[in-house]
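User: I have a chain open on my screen and would like to talk through it. Could you take me through what stands out?

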Amino acid sequence: MTSTVQNPIELLRDSLEEQFQRNTDQLAELTLRSRQPGRGGYDHDALAALIASARQTVSDTAQALRRMAEGSYGTCERCTADIPLQRLEILPHARFCMPCQGGQTG
């Protein structure tokens with residue numbers, strides 16, 4: 001009998017991979033719209049903000065997947081403590097534990 005229960009980190013990897021693909025597709029679509037006459041119906045500033053947000057999300061997700069591949073995923077980049085699974089489930093690309101995140105500036 002095959003178990004259907006997956007490791008929580010595997011589930012997070014699957015979620016991050018799906019998020020990466022979805023946001024990469026969104027970024028490509030928004031970039032294409034930005035080159036169209038009339039920007040595909042988007043206001044210039046709104047389109048620029050959407051593109052910037054999509055780029056940041058793609059970058060954050062790619063970095064999380066890289067940390068998974070390197071074996072450092074789930075470890076705070078500041079204090080090296082484990083990031084609680086509950087935080088990773090809410091914010092899969094989290095780089096810091098809550099105490100360190102609270103201490104971040106800008």
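Analyst: Let us begin with the buried residues of helix H1: Leu12, Leu16, Gln19, Asn23, Leu27, Leu30 and Thr31. Please keep in mind that this is a predicted model.

User: What covers the buried residues of H1?

Analyst: The cover includes helix H2, residues 44-70, and helix H3, residues 85-90.

User: How many residues does H1 have, and what does it reach from its first C-alpha to its last?

Analyst: H1 runs over residues 8-34, which makes 27 residues. Its end-to-end C-alpha reach is 38 Å, close to the expected 39 Å at 1.5 Å a residue.

User: And what does H2 reach?

Analyst: H2 also has 27 residues. From its first C-alpha to its last, H2 reaches 39 Å, close to the 39 Å expected.

User: Which residues are buried in H2?

Analyst: In H2 the buried residues are Leu47, Ile51, Ala54, Val58, Asp60, Thr61, Ala64, Arg67 and Met68. Asp60 and Arg67, with their charged side chains, are thus among the buried residues of H2.

User: Stepping back, what is the secondary structure of the protein chain?

Analyst: There are four helices and zero strands, and the order along the sequence is α-α-α-α. The radius of gyration is 17 Å, well over the 13 Å that the globule rule gives for 106 residues, so the protein chain is more spread out than a compact globule. Along the principal axes, the C-alpha atoms fill a box of roughly 50 × 45 × 20 Å.

User: What percentage of the protein chain's residues count as buried?

Analyst: Of its 106 residues, 26% count as buried. The accessible surface is about 7,100 Å², and carbon and sulfur atoms account for 52% of that.

User: And how many positive and negative side chains are there?

Analyst: The protein chain carries 11 positive and 13 negative side chains, with the centres of the two sets 7 Å apart.

User: What about contacts between residues at least 6 apart in sequence?

Analyst: Among those contacts, 47% join residues at least 24 apart. Glu10, in H1, and Met68 are separated by 58 residues in sequence, and their C-alpha atoms are 9.7 Å apart. Met68 is one of the buried residues of H2, whereas Glu10 is partly exposed at 36% relative accessibility.

User: Where is Glu89, and how far is it from Leu11?

Analyst: Glu89 belongs to helix H3. Glu89 and Leu11 lie 78 residues apart in sequence, with 9.2 Å between their C-alpha atoms. The relative accessible area of Glu89 is 48%, and Glu89 is partly exposed.

User: Changing topic: which helix holds Cys100, and is that residue buried or exposed?

Analyst: Cys100 is in helix H4, and it is buried, with a relative accessible area of 10%.

User: What does Cys100 touch?

Analyst: Leaving out residues up to four places away in sequence, Cys100 touches Cys76, Arg78 and Cys79.

User: Where is Gly102, and how far is it from Asn7?

Analyst: Gly102 is in H4 as well, which covers residues 98-102. Gly102 is exposed, at 65% relative accessible area. Gly102 and Asn7 are 95 residues apart in sequence and 29 Å apart in space, C-alpha to C-alpha.

User: One last item: what is the phi of Thr80?

Analyst: Phi of Thr80 is near 65 degrees, a positive value in a residue other than glycine. Most residues other than glycine have a negative phi. Thr80 sits in the loop between H2 and H3, and it is exposed, with a relative accessible area of 58%.

Methods. Residues numbered from 1 in each chain as written. Predicted model: local features only at pLDDT ≥ 70, side-chain atom pairs only at ≥ 80, totals over all residues. Heavy atoms only, no water. Helix = DSSP H or I, 4+ residues; strand = E, 2+ residues; numbered from the N terminus. Rg over C-alpha atoms; globule rule 2.2 N^0.38 Å. Buried < 20%, exposed > 50% of the residue type's maximum accessible area, 1.4 Å probe, protein only. Contact = heavy atoms within 4.5 Å. Areas by Shrake-Rupley, 256 points an atom, 1.4 Å probe, with all protein chains shown as cover. Charge placed at Lys NZ, Arg CZ, Asp CG, Glu CD. Expected span 1.5 Å × (residues − 1).
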